[in-house]
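Welcome, and thank you for taking a look at this structure with us. Please have the sequence and the 3D view open while you read.

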Amino acid sequence: MSRKKAVAGGLGVLSAALVAGAVLTPAAGAAEVRPQSKATTSGGSGVDSAYAVSASGLLKVNPTPAVDDSDGYSEASLAELTVPTLAQLRVLTARAGSGQARASVADLSVGLGLGRPALTASAVEAQCGVKTSSSLAKAKLGTVPLDVQAPPNTAVAVPGLLSVVLNKQVTHQDGTVTVTAISINVDGIQKLDLATATCAPGGESGGPTSSSQPVSSPAPVGGKAPTPTPVRAHLDVTG
Amino acid sequence: MWINSRRLLPAVGTTIIALMIGACSGDNSRVVVPAAVGPEDLTTLPEADTFGTVSGAPTDPAPNSGAVAGKVFHPQAEMIVYAGPGGNPIAKLPAVQMGSPTWVPVVSEQNGWAEILLPTRPNASAGWVHEDSGGFETARNDYSIKVDRAAFTLEIFDAGKSIGKWRIGTGSAAHPTPAGRAYIIASIAETRNTYSPIVLPLSYHSNSLETFGGGPGTVGLHTWPNDSFVGKPSSDGCVRVPKDALDQLVKVPLGTIVDIT
């Protein structure tokens, strides 16, 4: 198949989805999607963030589920998410707070367009704060297995205009670092990120963090369990 | 090569003694090493936090043993949880639960392994951590809490002595507070919901609600803006307590057992 035809084929699949109403937001009842807040103050507020999946281009998927620590430690999960013609994902989780962030997806399958190999994995995760890293379990592009722990910004060689980057790590102007387990760009018209976490600098080395709340327990006195310190967080318990 | 026989003999002697002890007392002195867990397995393991679900976890060996005090365990970094000493890995226990440091109750110990209660679904999930690997601390916890749903009471005990008893509210008939041996997993200074300044989420989840709001149906202890809850089954699962009860509850250590009958 000529490259032009392959691209057109890919576009065809994606545009069909567009006709079907392709700007997707999470199903009602799914975890709340919060916009990514910019790192402005040094208060640790909103600096640590994570989301399990995000897509832009012909098919748009808002970061889902997405959390940040502007209201303290937050976590969210979604049992499954289907993006017609693009992806089927299970057990999407995201958590952020205490100078750390983590996102993961289990059992995923991503269709990259007509004639393109599908991306599958049994789990992908990305984390920062304690260490900046991501890993893939049983990930394959078609039949080609992908490394469990690829070095940062490992580009997978694929023919055509498909770009797949594993363990994508970007340092922003303000020093925050974003790590994404798998970052895909199809023909420049469809982007998809799986498992993304962003943290303020300094958390990794255990050095001074950007005033995010410390996690350490007060050392037990005489072996007695410590009195807890309430930590700013949000969790909907069953009322 | 000369062997320094004076150094060799004690080592050999010790080994012989160790083998003899092993032969006489059965499992208690046998070293059980953890199963190997590669990076792929590690990536696949579910997180042991309130949003997690673990499959293949053993059940709490004594869920009806009442409000007991005991040892609590805090991992300093994420630790693998196994189905049994030397058994398959089933989860990763993070060092943080909703912002609080992770403290879990220890319900059994054997051979350098500790059985802990997990904060995941399904309720009463337990698992084993390998103590000989290090990277954790333990402490003695004298506190325990008893919730009697039928009587609508909550009582705090310190070293077996009651230090307070209050009339509380529980889950409705449609969404009951689940019974069992739960524990306090974190101390949350709640930033969005306004019904209680501090919320103490438990390790148990609702059996009737898979999710609640943006959460996974976690049952918690907290207060309420008015007295409407007292002596009533009106919540969606949480145990609602008077403000002065909450003032005492926030002082008990994380990992304190909350025995719900």
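In chain B, what share of the contacts with a separation of 6 or more comes from residues 24 or more positions apart? Such residues account for 66% of those contacts in chain B, where a contact means two residues whose C-beta atoms, placed from the backbone, lie within 7 Å.

Before going further, a word on what you are viewing: this is a predicted model, in which local features need pLDDT of at least 70 and side-chain atom pairs count only at pLDDT 80 or more, while totals for chains, interfaces and linings use all residues. Residues are numbered from 1 along each chain as its sequence is written, and chains are lettered from A and ligands numbered from 1 in the order in which they are written.

**The two chains**

The table puts the chains side by side. Helices (H or I, at least four residues) and strands (E, at least two) are DSSP runs, numbered from the N terminus. A residue is buried if 20 or more other C-beta atoms lie within 10 Å of its own, exposed if 12 or fewer, and partly exposed in between, with C-beta atoms placed from the backbone.

| Chain | Helices and strands | Buried residues |
|---|---|---|
| Chain A | one helix, 15 strands | 51% of 239 residues |
| Chain B | three helices, 20 strands | 48% of 261 residues |

For chain A, 58% of the contacts between residues at least 6 apart in sequence join residues at least 24 apart.

**Domains and cores**

Chain B splits into domain 1 (39–141) and domain 2 (143–260), with bounds that come from an automatic or database domain assignment. Taken over C-alpha atoms, the centres of these two domains of chain B are separated by 22 Å. Domain 1 of chain B brings 24 residues to the contact and domain 2 of chain B brings 26 residues. On the domain 1 side, these are 14 nonpolar, eight polar and two charged residues. In this classification Ala, Val, Leu, Ile, Met, Phe, Trp, Tyr, Cys and Pro count as nonpolar, Asp, Glu, Lys and Arg as charged, and the others, Gly among them, as polar.

A nonpolar core is a set of buried Ala, Val, Leu, Ile, Met, Phe, Trp, Tyr and Cys residues joined through C-beta atoms within 7 Å. The largest one here has 63 residues, and those with the most contacts inside it are V81(B), I116(B), L118(B), L202(B) and V258(B). Both domains of chain B give residues to this core, so it lies between them. A second, separate core has 55 residues, including L92(A), A96(A), V105(A) and A106(A). Among the residues that L202(B) touches, leaving out those up to four places away in sequence, are Y183(B), I185(B), L221(B) and V258(B).

**Strands in chain B**

Two strands pair if DSSP finds at least two bridges between them. Strand β7 (residues 113–117) of chain B pairs with β8(B) in the antiparallel sense over five bridges, and L117(B) has A126(B) as its bridge partner in β8(B). Five of the five residues of β8 (residues 126–130) of chain B are buried, so this strand is largely enclosed by the rest of the structure. A126(B), W128(B) and H130(B) point one way from β8(B), while G127(B) and V129(B) point the other way.

Another part of chain B holds an open sheet of five strands in the order β12-β11-β10-β20-β14, with mixed pairing. Its edges are β12 (161–167) and β14 (180–183) of chain B, each with a single partner strand, so one side of each is left without a neighbour in the sheet. β14(B) and β20 (residues 257–260) of chain B pair in the antiparallel sense over four bridges, and G180(B) has I260(B) as its bridge partner in β20(B).

**Where the chains meet**

How many residues does each chain give to the contact? Chain A gives 42 residues and chain B gives 50 residues. The chain A side divides into 17 nonpolar, 17 polar and eight charged residues.

β15(A) and β15 (residues 188–190) of chain B pair in the parallel sense over three bridges. Here R232(A) stands opposite A189(B), and A233(A) stands opposite E190(B).
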